[in-house]
Amino acid sequence: MKIKVFPFLFLIVLMPCFVPFVLAGEIDATTVVDWVIDGDTFDTTSGDRVRLADIDAPEYGEPGYYDAKNFLISLVYGKTVHLDIDDVYETDKYGRLVCVVYVKSSSTHYKNINKALLVEGVAVIKNYHNEFDPYTWNLYVHKDEIPEFPSFLILPLFMTTTLLALIVYRRKQIR
Ligand SMILES: [Ca+2]
Ligand SMILES: [Ca+2]
C-alpha cells in the first residue's frame, strides 16, 4: 500500500510550481511601440493597434486626455512591450488587440502598464468581459507569473509531466 503513496506525493510537491502560472496571465506576444494614440491605445512596429484591456482613459477633447497620453508615452513609447492578449475575444469591435501590457522593470519583474495608468490616476477601471480582472492586478509582476507560453498549455503540460513520472515510477517497480 505504502508504495502507491509516491505518485501522490510527487503531485503535491509539483503542484505549487504550477499555481503561480494559473493565477497570473501570460505573454502572448512581444513587440515595440511606435505610436501612442491616447491614454489607452497605441500602435506597434508589428502593425497592430493595441487597446489596453479593462481601463478607460479620456478621449481627445476630454479633460485629462493629455495627462493620460503623456503618461503612456513615458511608459511605452519606443520600448519593447510584452502583450497578454485577451484569450476570449482577442480583438475588440474596432480590430484592436485587447491586452494587458507589460514592460520589463528589472531582471525579475515586469510592470503592468494598465495598472500603472490606474495608479497614476489618469485612467479608470472599465471591466469588460474578457480573460482579465483588473481588480486582481499588481503593479509589479514576477516573471514566473507571466510565462511566455499560452496558459491553455499549462494543464496538458502538467498532465504529461505527471504521466511521465508515473511511467518512470512503474518501470522502477517492475525491475
Ligand atoms: Ca492571453
Ligand atoms: Ca475583464
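Which residue follows helix 3, and is its phi positive or negative? In this predicted model, helix 3 is followed by G121, whose phi is positive, near 80°. The legends below begin with the whole chain and then turn to single elements.

**View 1. Overall order of helices and strands in the protein chain.** The protein chain holds four helices and nine strands, and from the N terminus on these elements run α-β-β-β-β-α-β-β-β-α-β-β-α. Of its 175 residues, 26% count as buried. Among the contacts that link residues at least 6 apart in sequence, 68% join residues at least 24 apart.

**View 2. Helix 3 and the elements that cover it.** Helix 3 spans residues 113–120, and its buried residues are I113, N114, K115, A116 and L117. The cover over these buried residues includes strand 3 (49–52), strand 4 (55–56), helix 2 (65–76), strand 6 (97–104) and strand 7 (109–112). An α-helix has 3.6 residues a turn, so residues three or four places apart point the same way.

View 3. A116 is found in helix 3 and counts as buried because it has 23 C-beta neighbours inside 10 Å, where 20 or more are required. When residues up to four places away in sequence are not counted, A116 touches L75, K111 and L139. A116 and F71 lie 45 residues apart in sequence, yet the distance between their C-alpha atoms is 9.2 Å.

**View 4. Packing of helix 2 against helix 3.** The two helices pack at an angle of about 140°, with their axes 11 Å apart. Helix 2 and helix 3 are therefore oblique to each other, since an angle has to be over 145 degrees to count as roughly antiparallel. Helix 2 passes helix 3 in a right-handed crossing. On the helix 2 side of this packing are A68, F71, L72, L75 and V76, which meet I113, A116, L117 and E120 in helix 3.

**View 5. L117 and the largest nonpolar core.** Leaving aside neighbours within four places in sequence, L117 is in contact with G39, I55, A57, A68, F71, L72, V122 and A123. L117 also belongs to the largest nonpolar core, a set of 31 residues in which V76, C99, V101, Y102 and L117 are those with the most contacts inside it. The elements that give two or more residues to this core are strand 1 (29–38), strand 3, helix 2, strand 5 (80–85), strand 6 and helix 3, and the largest share, six residues, comes from strand 6. In soluble globular proteins, nonpolar side chains tend to be buried together.

View 6. With strand 2 (residues 41–44), strand 3 pairs in the antiparallel sense over three bridges, and T41 has R51 in strand 3 as its bridge partner. These two strands form a hairpin with four residues between them, and G47 in the turn has a positive phi of about 90°. With strand 6, by contrast, strand 3 pairs in the parallel sense over three bridges, and V50 stands opposite L97 in strand 6. Strand 3 has a covered face, made up of V50 and L52, and an uncovered face, made up of R49 and R51. In a regular strand the side chains alternate between the two faces of the sheet.

Conventions: Residues are numbered from 1 along each chain as its sequence is written. Chains are lettered from A and ligands numbered from 1 in the order in which they are written. This is a predicted model: local features need pLDDT of at least 70, side-chain atom pairs count only at pLDDT 80 or more; totals for chains, interfaces and linings use all residues. A residue is buried if 20 or more other C-beta atoms lie within 10 Å of its own, exposed if 12 or fewer, and partly exposed in between; C-beta atoms are placed from the backbone. Two residues are in contact if their C-beta atoms, placed from the backbone, lie within 7 Å. A nonpolar core is a set of buried Ala, Val, Leu, Ile, Met, Phe, Trp, Tyr and Cys residues joined through C-beta atoms within 7 Å. Two strands pair if DSSP finds at least two bridges between them. Axes are lines fitted to C-alpha atoms, for helices over the stretch in contact, and angles run from 0 to 180 degrees between N-to-C directions. Angles under 35 degrees count as roughly parallel, over 145 as roughly antiparallel, 65 to 115 as roughly perpendicular and the rest as oblique. A crossing is left-handed if the near helix is turned anticlockwise from the far one by less than a right angle, and right-handed if clockwise.
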